[in-house]
Amino acid sequence: MKFIDVHCHINAEDYGDLDKLIRNINAAGVEKIISAGFDLVSSEYGKYLSERYEGVYFTAGFHPTELKKYRAGDLDKIAELAAHPKCVAVGEIGLDYHYPDTDKQLQHGIFKEQLGLARSLKMPVQIHSRDCAEDMYGVLREFAPFEYGAMLHCYSHSAELAAEFLKLGLKFSFGGSCTWKGSKRVKRAIAALPREVIMTETDSPYIPPASKYGEFPNTPESVPEIAGQIALIKGLTTEEAAESCWNAAHSLFTKLNDI
């Protein structure tokens, strides 16, 4: 059985011995992981990891809460990283209205710039969306259809809105929160979506599954538990869910098929 983590954050600061971490991830059956960039430094580090470890891929982009670090010319640097054979997407990019000091105008501007960059590079995007459902839908509707693909990571909006995002051509990834007893909205979204657009992620080192609730760091070793929960919700075996998530990821992130 093969598993994939399409969105995590890997670094020595949180995990210590990375060689041991990768061995443990592989031993859990997780054959491929995508380390998501959230600023220029993390995107460059993702490149380093992908060159060091066979099953590691990465994304390059600016997270909406990290834009104070953004400088003129950084978009060109993201484009350079995106050209790497193991950079599978522009991301994680998006909108996040969670904090009171949110600069919505800045977030919208750089989000749209990065969506435009991905389109020009013919690459998919990994999207972060928190407390911004209506505005997120408006931006994505403006850029639809997503000819080269798009994924809403750690999807947390309603099942009804998921249906609208699906019409725009998006796919969805789900993490440890889908295993929590109280996560009814996430579970309803998984139940409503076709299996072909669902993928597994951990957002490590954050959002541990139920069996590791309160622990830090979470790791991509949690993917089998997440796949098992998706299987339960969809009426599948864990093997069927793992295969479906694997196929959805490779369909969206086509560079996964190259190396």
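What follows covers the cores, the pockets and the cysteines, in that order.

A quick note before we start: this is a predicted model, with local features needing pLDDT of at least 70, side-chain atom pairs counting only at pLDDT 80 or more, and totals for chains, interfaces and linings using all residues. Residues are numbered from 1 along each chain as its sequence is written, and side-chain values use heavy atoms, with hydrogens and water left out.

Let's begin inside. A nonpolar core here is a set of buried Ala, Val, Leu, Ile, Met, Phe, Trp, Tyr and Cys residues joined through side-chain atoms within 4.5 Å; buried means under 20% relative accessible area, with exposed over 50% and partly exposed in between (1.4 Å probe, protein chains only). The largest such core has 37 residues, and Leu 140 and Phe 165 touch the most other members. Helix α6 (residues 133-143) brings the largest share, five residues. (Helices are DSSP runs of H or I, at least four residues, and strands are runs of E, at least two, numbered from the N terminus.) Another core lies apart from this one, with 16 residues that include Leu 18 and Ile 25.

Now for the pockets. On a 1 Å grid over the protein atoms alone, a pocket is an open set of points where a 1.4 Å probe fits, with protein on both sides within 12 Å along at least five of seven lines; lining residues have an atom within 4 Å of a point. Grid points are joined across faces, edges and corners, and a volume is the space filled by probe spheres set on the points.

| Pocket | Volume | Lining residues by class |
|---|---|---|
| Largest | About 970 Å³ | 14 nonpolar, 14 polar, 10 charged |

Finally, the cysteines. There are zero disulfides (pairs of cysteine sulfur atoms within 2.5 Å). The sulfur of Cys 132 is too far for a bond, because the closest cysteine sulfur, in Cys 154, is 13 Å away.

Key:
Nonpolar A, V, L, I, M, F, W, Y, C, P; charged D, E, K, R; others polar.
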